[in-house]
Amino acid sequence: MTVNGQGASRFGPAPDPGGLRDLVPRLAAALPRQATVELARDLIRAVTVNPPGHEDRAAAVAVPWLQRHGFDVTIYAPRPGRASVVARRRGAEPGPTLLWCGHLDVVAAGDPGRWPHPPFAGVVDGDRLYGRGAVDMKGPVAAALGAAAALDRLGGPRRGTLVLALVADEEAMGRHGAGWLARQGLLRADGAIVGEPTRLHLVRAQRGAAWFHVRLEGRTAHAAVPHLGASAVAAAARLVLALEERVWDAFHPLLGPPTASVGSIRGGDHPNRVPERCELVVDRRAVPGETEAGVRQEVEAVVAEVLRRHPGVTATITRWRWAEPAETPEDAAVVRLVQAAARAVTGEDPPEAGTVAVTDMRYLVAAGTPAVIFGPGRPDLAHAPGEFIAVEELAQGALLYATAFAGWLGVAGTGR
């Protein structure tokens with residue numbers, strides 16, 4: 001294992017992923033199914049709530065597994081405890097690079113009383129594995145590591161390079177995880193799978209987001225004579241509705257229209273004073289085709305329209321953070337790869353969808369790597385109390401990943 005080392009991707013045309021069906025039984029037999037479930041449990045028990053993260057705890061679980069199965073492992077930590085793992089397994093023959101990316105951090109568990117089992121115990125109850133991160137996304141991480149183990153048991157990749165990137169900080173926009181790695185040029189590949197839970201639907205488009213604050217300032221007065229003041233709270237109330245009810249200009253066939261949601265509002269200090277200050281915190285989701293400048297301009301137009309009805313109130317947009325939307329063309333090699341893997345395992349094409357979530361896919365696409373989102377688990381359970389993943393779906397995800405890896409890289413021990 002090296003720390004803070006460098007790695008380069010090899011570029012070239014993707015191999016034909018056809019003819020995978022005959023490989024599936026061998027891959028299924030090589031999957032360490034129970035060990036993969038135990039790995040998921042250990043990852044859940046490595047508490048990595050972001051903030052502060054401490055993803056090094058989960059990295060300490062994953063690294064020995066990766067080394068045991070033939071990967072060269074590098075740990076990157078741009079900040080103490082904020083560890084990301086980049087693991088590479090090269091085939092004997094030259095070929096393109098396939099990247100699988102998943103995050104090690106989780107959101108807070110909330111009230112433990114709303115969970116059927118302690119949120120960081122990793123309890124298997126019937127066919128369900130419970131715990132914070134079971135779906136989002138330590139279960140999918142374990143599935144990818146199980147798939148890598150299956151490939152290793154059959155002799156490893158025949159050609160090209162398989163890269164597994166287990167990253168920090170995704171739940172807080174990824175600046176210290178995939179964003180940092182992308183800026184260093186460490187996430188370049190010919191195709192990538194982001195393992196967020198999609199219920200094994202194929203996702204090739206995701207929304208972006210602008211997170212921002214709006215600070216409104218008016219003029220205070222006695223509440224008995226409110227017409228002498230200018231209420232920042234009244235203007236804020238109108239702005240909340242204007243943002244959330246607006247029909248935005250853009251539309252995407254997989255993602256629908258943009259949305260806006262006001263997540264926080266704070267203003268005023270006493271019932272007998274006209275409030276002179278109020279602040280909103282807004283999440284405005286963007287769709288592919290929209291730009292940061294365009295979204296900001298449209299938001300500013302909404303604010304200006306509201307202020308025209310509230311003379312004496314001013315507004316300032318502050319603390320603006322932007323995440324790009326992302327999309328991969330339907331004819332990209334990695335799209336065809338996942339479709340072929342799903343057909344080989346299930347006999348059917350995977351359902352196609354978009355995701356309203358903001359994921360690390362955007363960093364990969366921005367770096368020139370065509371990427372899709374594809375993973376086991378119900379996305380509606382992410383961040384929810386009682387989060388769980390079905391053990392059978394975890395195993396199916398591992399088999400689908402193994403089949404996709406084999407379709408891109410070949411399998412040394414099979415002659416394919």
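Q: What must DSSP find for two strands to pair?
A: Strands here are DSSP runs of E with at least two residues, and helices are runs of H or I with at least four, all numbered from the N terminus. Two strands pair if DSSP finds between them at least two bridges.

Q: What kind of model is this?
A: Residues are numbered from 1 along each chain as its sequence is written, and side-chain values use heavy atoms, with hydrogens and water left out. Local features need pLDDT of at least 70, side-chain atom pairs count only at pLDDT 80 or more, and totals for chains, interfaces and linings use all residues, since the model is predicted.

Q: How many bridges join E4 to strand E8?
A: Strand E4 covers residues 93-103, and E8 covers residues 191-194. Within this pairing, Leu-99 has Ala-192 as its bridge partner in E8. The two strands run parallel, and the number of bridges joining them is 4.

Q: Which residue in E7 is the bridge partner of Thr-97?
A: E4 also runs parallel to strand E7 (residues 159-167), with 8 bridges between them. In E7, Thr-97 is partnered by Thr-161.

Q: How many residues of strand E4 are buried?
A: Buried means under 20% relative accessible area, exposed means over 50%, and partly exposed lies in between (1.4 Å probe, protein chains only). Strand E4 is largely enclosed by the rest of the structure, because its buried residues number 9 of the 11.

Q: Is Ala-367 buried or partly exposed, and at what relative accessibility?
A: Let's look at a loop next. Ala-367 sits between helix H9 (361-366) and strand E16 (371-373). Ala-367 counts as partly exposed, because its relative accessibility is 32%.

Q: At what angle do helix H2 and helix H10 pack?
A: Axes are lines fitted to C-alpha atoms, for helices over the stretch in contact, and angles between N-to-C directions run from 0 to 180 degrees. H2 (residues 33-45) and H10 (residues 391-409) have axes 10 Å apart and pack at an angle of about 110°.

Q: Which residues of H2 make the contact with H10?
A: Contact means heavy atoms within 4.5 Å. On the H10 side, the residues are Val-391, Glu-392, Leu-394 and Ala-395. On the H2 side, they are Arg-33, Val-37 and Ala-40.

Q: What are H2 and H4 to each other in direction?
A: Angles under 35 degrees count as roughly parallel, over 145 as roughly antiparallel, 65 to 115 as roughly perpendicular and the rest as oblique. The axes of H2 and helix H4 (residues 138-153) come within 9 Å and cross at roughly 140°. Therefore H2 and H4 are oblique.

Q: Which strands are the edge strands of the sheet?
A: This open sheet has 4 strands in the order E11-E12-E10-E13, with antiparallel pairing. From one strand to the next, the twist averages 15°. The edge strands each pair on one side only, and they are E11 (259-267) and E13 (314-323).

Q: Which residue in E12 stands opposite Trp-211?
A: Strand E10 (residues 208-217) pairs with strand E12 (residues 277-286) over 10 bridges in the antiparallel sense. Opposite Trp-211, the residue in E12 is Asp-283.

Q: Which helix packs on the sheet?
A: This helix spans residues 292-307 and touches E10, E12 and E13. The helix direction makes about 155° with that of E13, and its name is H7.
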